[in-house]
Amino acid sequence: MTIAPEAGTAEVSLPTQSTYQTRVADYWNAEENPVNLELGKLDDLYHHHYGIGAADRSVLDEPDAELRRERITTELHRLEHAQAEFLAERLGPLSPADRVFDAGCGRGGGSVVANLRYGCHADGVTISEKQAEFANAQARKRGIDDRVRYHHRNMLDTGLESGAYAASWNNESTMYVELDLLFAEHARLLRRGGRYVTITGCYNDTYGQASREVSLINAHYICDIHPRSEYFRAMARNRLVPVHVEDLTEATIPYWELRREADHLVTGIEDTFLNAYRNGSFQYLLIAADRV
Ligand code: GPP
Ligand code: MG
């Protein structure tokens with residue numbers, strides 16, 4: 001069977017990293033958004049995800065301009081930290097002897113949160129060499145580098161030990177990969193009865209195809225947001241059985257409403273997120289699943 005036109009083109013061998021993956025790595029190797037670095041600096045917890053919960057909007061009324069910026073930054077960080085704790089809480093119970101896997105770990109905040117909560121060992125994986133170096137430097141600074149390690153690897157093919165992990169997660173990183181390949185890797189790494197958790201933005205397929213806003217978010221981050229239904233299909237195919245699903249859309253809106261007012265931190269994507277959530281085409285979801 002011929003599956004490609006006979007154009008006389010030479011056959012090329014498959015690269016170890018696709019063009020898409022290289023573009024994603026380039027983005028994160030170059031990324032220095034104040035909304036991530038200024039928030040992270042506050043307590044050396046560098047998150048690459050959004051926030052949840054009621055926002056204290058009184059920070060906007062602060063008359064002193066410098067203090068106003070500081071108070072907004074601190075409030076946004078509090079909301080992002082609340083999101084990280086919300087996810088970490090659903091990984092447990094875990095003991096210090098347990099190992100956890102952080103897929104798409106960014107600058108490492110999530111693994112530190114899990115280690116602080118449970119004392120567990122953590123392996124984080126990111127396709128960005130810069131992020132892995134940054135995160136390892138943070139772990140050394142905290143003196144937890146014997147237990148928390150970050151690797152410059154592909155989350156679909158980590159090379160980590162099969163069945164060695166009690167829990168694993170993706171915090172807003174599933175939109176960079178094919179879900180079947182991702183969940184196959186989580187199922188391989190998790191022991192039977194292990195817990196998988198994701199917090200993700202997905203498009204609402206009750207609404208139909210991805211909306212313009214979803215497409216704009218994809219273009220902004222170079223990602224490919226999946227439909228909600230695909231999560232459950234791909235989990236079912238890969239021994240992951242949902243135990244808890246929570247729609248966090250309402251809970252994340254105050255974060256975006258505050259972030260859009262933060263002139264010193266905005267990246268330009270804020271109104272698109274608010275429109276996507278409000279028009280119903282996009283949802284912010286937590287899914288927790290057991291590895292059977
Ligand atoms: C936030 O990272 C998350 C992503 C880039 C993945 C896309 C997430 C969706 C829910 C669609 P970040 O904290 O680095 O982003 P920002 O720089 O905008 O704060
Ligand atoms: Mg951010």
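This is a predicted model: local features need pLDDT of at least 70, side-chain atom pairs count only at pLDDT 80 or more; totals for chains, interfaces and linings use all residues.
**Reading strands, core and cysteines**

Biologist: Through which helix does the chain cross from E4 to E5?

Modeller: Follow helix H6 (residues 179-189). The path from E4 over H6 into E5 makes a β-α-β crossover, and its hand is right-handed.

Biologist: In which sense does E5 pair with strand E7?

Modeller: E7 (residues 282-291) and E5 are antiparallel, with 9 bridges between them.

Biologist: How many residues of E5 are buried?

Modeller: In general, side chains in a regular strand alternate between the two faces of the sheet. Here, 10 of the 14 residues of E5 (residues 190-203) are buried, so the strand is largely enclosed by the rest of the structure.

Biologist: How do I read the largest nonpolar core, and which residues have the most contacts inside it?

Modeller: The general idea is that nonpolar side chains tend to be buried together in soluble globular proteins. In this model the largest nonpolar core has 86 residues, and Leu 91, Phe 183, Tyr 221 and Phe 273 have the most contacts inside it. Take Leu 91 as an example: beyond its neighbours within four places in sequence, it is in contact with residues including Ala 114, Tyr 118, Trp 169 and Val 197.

Biologist: Now the cysteines. How many disulfides does the structure hold?

Modeller: The number is 0. To judge a pair, look at the distance between sulfurs, since a disulfide needs them within 2.5 Å. The sulfur of Cys 105 is 14 Å from the closest cysteine sulfur, that of Cys 120, so the two are too far apart for a bond. Cys 223 is in no disulfide either, and its nearest cysteine sulfur, in Cys 202, is 12 Å away.

Biologist: Are Cys 105 and Cys 223 buried or exposed?

Modeller: The cut-off for buried is under 20% relative accessible area. Cys 105 has 6% relative accessibility, so it counts as buried. Cys 223, with a relative accessible area of 9%, is buried too.

Biologist: And where is Asn 204 found?

Modeller: Look in the loop between E5 and helix H7 (212-221). Asn 204 counts as buried, at 10% relative accessibility. Leaving out residues up to four places away in sequence, Asn 204 touches Arg 228, Gly 280, Ser 281, Phe 282 and Gln 283.

How values were computed:
Residues are numbered from 1 along each chain as its sequence is written. Chains are lettered from A and ligands numbered from 1 in the order in which they are written. Side-chain values use heavy atoms; hydrogens and water are left out. A nonpolar core is a set of buried Ala, Val, Leu, Ile, Met, Phe, Trp, Tyr and Cys residues joined through side-chain atoms within 4.5 Å. Buried means under 20% relative accessible area, exposed over 50%, partly exposed in between (1.4 Å probe, protein chains only). Contact means heavy atoms within 4.5 Å. Helices (H or I, at least four residues) and strands (E, at least two) are DSSP runs, numbered from the N terminus. A crossover is right-handed if, with the strands pointing away from the viewer, the path from the first strand over the helix to the second runs clockwise. Two strands pair if DSSP finds at least two bridges between them.
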